[in-house]
Amino acid sequence: MGFIGLGVMGQPMALNLARAGTHLVVWNRTPARCEPLREAGAEVAGSPAEVFKRARTVILMLADGAAIDSALGRGTPDFGANVAGRTIVHMGTTSPGYSRGLEADVRTAGGGYVEAPVSGSRKPAEAGRLVAMLAGERAAVEAVRPLLRPMCHEAFTCGPVPSALLMKLSVNLFLITMVTGLTEAFHFADRHGLDRAQFLEVLDAGPMASGVSRMKAPKLLARDFAVQAAARDVLMNNQLIADAARASGIASPLLDVCHALFGEAVALGHGQADMVAVLHALEARTAGQAP
Ligand SMILES: NC(=O)c1ccc[n+]([C@@H]2O[C@H](COP(=O)([O-])OP(=O)(O)OC[C@H]3O[C@@H](n4cnc5c(N)ncnc54)[C@H](OP(=O)(O)O)[C@@H]3O)[C@@H](O)[C@H]2O)c1
């Protein structure tokens, strides 16, 4: 199997595959990131084309559509040679429209295509506990599903492309509005002079406690903005959801407010901070200083 894109997510995902005994050929634009994979027994290719030559199924865990197009040689004569007779598995997060167009191009060139975005960040990726959402032709999806097991503890079949990316955006809509709501509640308690630690205890004792609140509320209390999911990436996801909602004429008022707040947090210089840095945007609004 091939694996292209060894970033924050791709590296631990590929390592889990290699450690589970999958024969892997990997490539990354920055070669140094291949070294842990080499140590884990993977072959390191000199180019994406070499990966496509040596593997029938190739996973892409790349930043965005431009990175994917570049790795596939899309729009160049190399594209056909890279994808014909191969199954391309797109595991990153792009717009649903981009993925639909890519599927059409891959299939026209004689390749198979599976959309397999994941829910979960670096830590679940390291633990092999990502949740995958799968879309594509049934036979291709069923062939890919068992290959993902070392990376994903659950995999849901969502239907044709781009159902999996739409499912991923739906889940992210809940995550973004939930964390923004938690942050606003914390700010409300804080500015009323309540005991902030007790706010966490009350929250934790009740039915709204969740894995997310237990991860994010202590960060708000400690004003710990060390990154788990960067505000800049959340803004990018927010944009993908808002675009998909607008394209389909769907109302998304909560998401739209969050979108504005994350835009403000990034404009205030907190793009590299964790998503709870949306607190800065709320504090600026309270101070009458929204950017
Ligand atoms: N981080 C998360 O919590 C998370 C969770 C779920 C889904 N995702 C999605 O998964 C994807 C990867 O995320 P990540 O956090 O692993 O991102 P990342 O750490 O920024 O890694 C991005 C990867 O894309 C490569 N890349 C970027 N531009 C390229 C280009 N023009 N040509 C070739 N390669 C290029 C990078 O190579 P270099 O090493 O050379 O820079 C790197 O391998 C994204 O779509 C993201 O939205 C992320």
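Trainee: What kind of unit do β8, helix α8 and β9 make?

Mentor: Start with the names: helices (H or I, at least four residues) and strands (E, at least two) are DSSP runs, numbered from the N terminus. A crossover is right-handed if, with the strands pointing away from the viewer, the path from the first strand over the helix to the second runs clockwise. Here, β8 (residues 130-136), β9 (residues 152-159) and helix α8 (residues 138-144) form a right-handed β-α-β unit. Before we go on, note that this is a predicted model, in which local features need pLDDT of at least 70 and side-chain atom pairs count only at pLDDT 80 or more, while totals for chains, interfaces and linings use all residues. Residues are numbered from 1 along each chain as its sequence is written, and side-chain values use heavy atoms, with hydrogens and water left out.

Trainee: How many bridges join strand β8 to strand β9?

Mentor: Two strands pair if DSSP finds at least two bridges between them. In this model β8 and β9 run parallel and are joined by six bridges. To find one of the links, look at Met133, whose bridge partner in β9 is Phe156.

Trainee: Now a helix, please. Which residues of helix α4 are buried?

Mentor: A residue is buried under 20% relative accessible area, exposed over 50%, and partly exposed in between (1.4 Å probe, protein chains only). Helix α4 spans residues 65-72, and Gly65, Ile68, Ala71 and Leu72 are buried there. These four cover an arc of only 130 degrees around the axis, which puts them on the same side of α4; the arc is that of the directions from the helix axis to the C-beta atoms.

Trainee: Why do residues three or four places apart point the same way?

Mentor: An α-helix has 3.6 residues a turn, so residues spaced by three or four places point the same way. The buried residues are covered by several elements, including β1 (2-4), α3 (48-54) and α6 (96-108). Just after the helix, Gly73 has a positive phi of about 65 degrees.

Trainee: Where is Leu62, and is it buried or exposed?

Mentor: Leu62 sits in the loop between β4 and α4, and Leu62 is buried, with a relative accessible area of 15%. For its surroundings we use contact, meaning heavy atoms within 4.5 Å. Not counting residues up to four places away in sequence, Leu62 touches Ile4, Gly5, Ala67, Ile68, Ala71 and Gly92. Leu62 and Met9 are 53 residues apart along the chain, with their C-alpha atoms separated by 9.1 Å.

Trainee: Which residue does UniProt list for "active site"?

Mentor: The unreviewed UniProt entry lists Lys168. Read such records with care: their positions are in the numbering used here, feature names are shortened, and annotations may be inferred rather than shown by experiment. In the model, Lys168 belongs to helix α9 (residues 163-191) and is buried at 9% relative accessible area. Leaving aside neighbours within four places in sequence, Lys168 is in contact with Thr93, Pro117, Val118, Ser119 and Met133. That is the Met133 we met in the bridge to Phe156.

Trainee: What does the side chain of Lys168 reach at 2.9 Å?

Mentor: A polar contact is a pair of N or O atoms within 3.5 Å; within protein, one must be able to donate a hydrogen and the other to accept it, and residues adjacent in sequence count only if both atoms are side-chain atoms. The side chain of Lys168 reaches the backbone oxygen of Val118 at 2.9 Å. You can find another example at Asn16, in helix α1 (residues 10-19). A polar atom of the Asn16 side chain lies 2.9 Å from the backbone oxygen of Ala125. Asn16 is buried too, at 13% relative accessible area.

Trainee: What does UniProt list for residues 166-281?

Mentor: The unreviewed entry gives "domain: 3-hydroxyisobutyrate dehydrogenase-like NAD-binding". In the model, the chain over residues 166-281 is 74% helix and 0% strand. UniProt also places "domain: 6-phosphogluconate dehydrogenase NADP-binding" (unreviewed entry) at residues 2-156, where the chain is 40% helix and 22% strand.

Trainee: And which residues is Asn237 in contact with?

Mentor: Asn237 lies in helix α12 (residues 231-247) and counts as buried at 12% relative accessibility. Leaving aside neighbours within four places in sequence, its contacts are Thr93, Leu169, Asn172 and Ile176. Thr93 is also in contact with Lys168.
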